[in-house]
Amino acid sequence: MSETLLKVEGLEAGYGEVQVLWGVSLAAVRGHLTAIVGANGAGKTTTLRAIAGTIAPWRGRILFEGDDVTRLSTHEKAERGFALVPEGRQLFTTMTVAENLELGAFPKRAARAYAERLDQVFTLFPRLAERQRQLAGTLSGGEQQMVAIARGLMSNPDILIIDEMSLGLAPVLVYQLFQTLKKLKDVGLTILLVEQNVHLALAVSDYAYVIAEGKLFTEGRPAELSAMPEIRRAYLGL
Ligand SMILES: Nc1ncnc2c1ncn2[C@@H]1O[C@H](COP(=O)(O)OP(=O)(O)OP(=O)(O)O)[C@@H](O)[C@H]1O
Ligand SMILES: [Mg+2]
């Protein structure tokens, strides 16, 4: 059975006076990888920020496990099980890998089983175990993305929300990161992912949404989207 964990209805948001989102609706099914794709400036990051609470939604509703969480702060959402891995990773570059991971464990829900979670992320990313004492700013781009994901996992989330995971990374590393996401899905984690690379998004997701100019353009299973002439032309370069 597919159970909807997160439901977003008619989300509107923006910055200052400028409205960016004009009614975005989407759902994330528990244990699935849901992708959001769209051109630069379409409003993907803004959608994730409004969902995670880093900006306040103007209108619309966000439901999590059936509860209305629209107005909760980022902290309250983190306690409910939201983790955002932001665009550009946003690590504390002058702190070590271990310190960045520790900061990820700020919600109360993460205090229990801290040591086990640390073990889990080091099992997922052995490279980080080797580099625990290295300053995050001196890591490679790929290693920094591992830290960003691992930091999100340290909060013991139910939903991991990732903005542009593959950007700037070598294909082999991107492949490894998606293998890692697959393992996380297999243990029941829900993933909501924004991805520039539409080919990749459709290859790895269970369901995808296409956003254009702050509105939902279309949605579907990857195979359905890949077959649509307008998607093939505009997003897949076919
Ligand atoms: N902090 C901000 N203040 C003002 N405007 C912003 C801010 N962040 C984004 N915007 C504007 O909101 C619109 C949508 O931006 P957003 O970052 O959500 O797009 P995106 O789909 O994530 O794009 P990209 O693929 O380039 O990451 C853009 O016009 C952008 O200029
Ligand atoms: Mg973005």
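1. Thr45 is buried, at a relative accessible area of 15%. Buried means under 20% relative accessible area, exposed over 50%, and partly exposed in between (1.4 Å probe, protein chains only). This is a predicted model, in which local features need pLDDT of at least 70 and side-chain atom pairs count only at pLDDT 80 or more, while totals for chains, interfaces and linings use all residues. Residues are numbered from 1 along each chain as its sequence is written, chains are lettered from A and ligands numbered from 1 in the order in which they are written, and side-chain values use heavy atoms, leaving out hydrogens and water.

2. Thr45 sits in helix α1 (residues 44-52) and Glu87 in the loop between β6 (82-85) and α3 (97-104), so the pair links parts 42 residues apart in sequence. Glu87 is partly exposed, with 32% relative accessible area.

3. Helix α1. This helix is mostly covered, with 8 of its 9 residues buried. Thr45 is one of them, and others include Lys44, Leu48 and Ile51. Gly53 follows α1 and has a positive phi, near 95°.

4. Overall fold. The chain has 10 helices and 10 strands. Its radius of gyration is 17 Å, close to the 18 Å of the globule rule for 238 residues, so the chain is as compact as a globular protein of that length. That radius is taken over C-alpha atoms, and the rule is 2.2 Å times the number of residues to the power 0.38. Helices (H or I, at least four residues) and strands (E, at least two) are DSSP runs, numbered from the N terminus. The C-alpha trace spans about 50 × 40 × 40 Å along its principal axes.

5. Packing. Of the 238 residues, 51% are buried. Contact means heavy atoms within 4.5 Å. Among contacts between residues at least 6 apart in sequence, 68% join residues at least 24 apart.

6. Thr190. This residue lies in strand β8 (residues 190-194). Thr190 is buried, with a relative accessible area of 0%. Its C-alpha atom is 5.1 Å from that of Arg30, 160 residues away along the chain. Leaving aside neighbours within four places in sequence, contacts of Thr190 include Leu5, Ala28, Arg30, His32 and Asp158.

7. Asp158. Its place is the loop between α6 (141-154) and β7 (159-163). Asp158 is partly exposed, at 24% relative accessibility. Not counting residues up to four places away in sequence, Asp158 touches Thr190, Leu5, Phe64 and Arg109, among others.

8. Backbone points to check. Most residues other than glycine have a negative phi. Glu164 has a positive phi, near 60°. Glu164 lies in the loop between β7 and α7 (171-186) and is buried, at 3% relative accessibility. Glu213 also has a positive phi, near 50°. Glu213 is in the loop between β9 (207-212) and β10 (215-220) and is exposed, at 68% relative accessibility.
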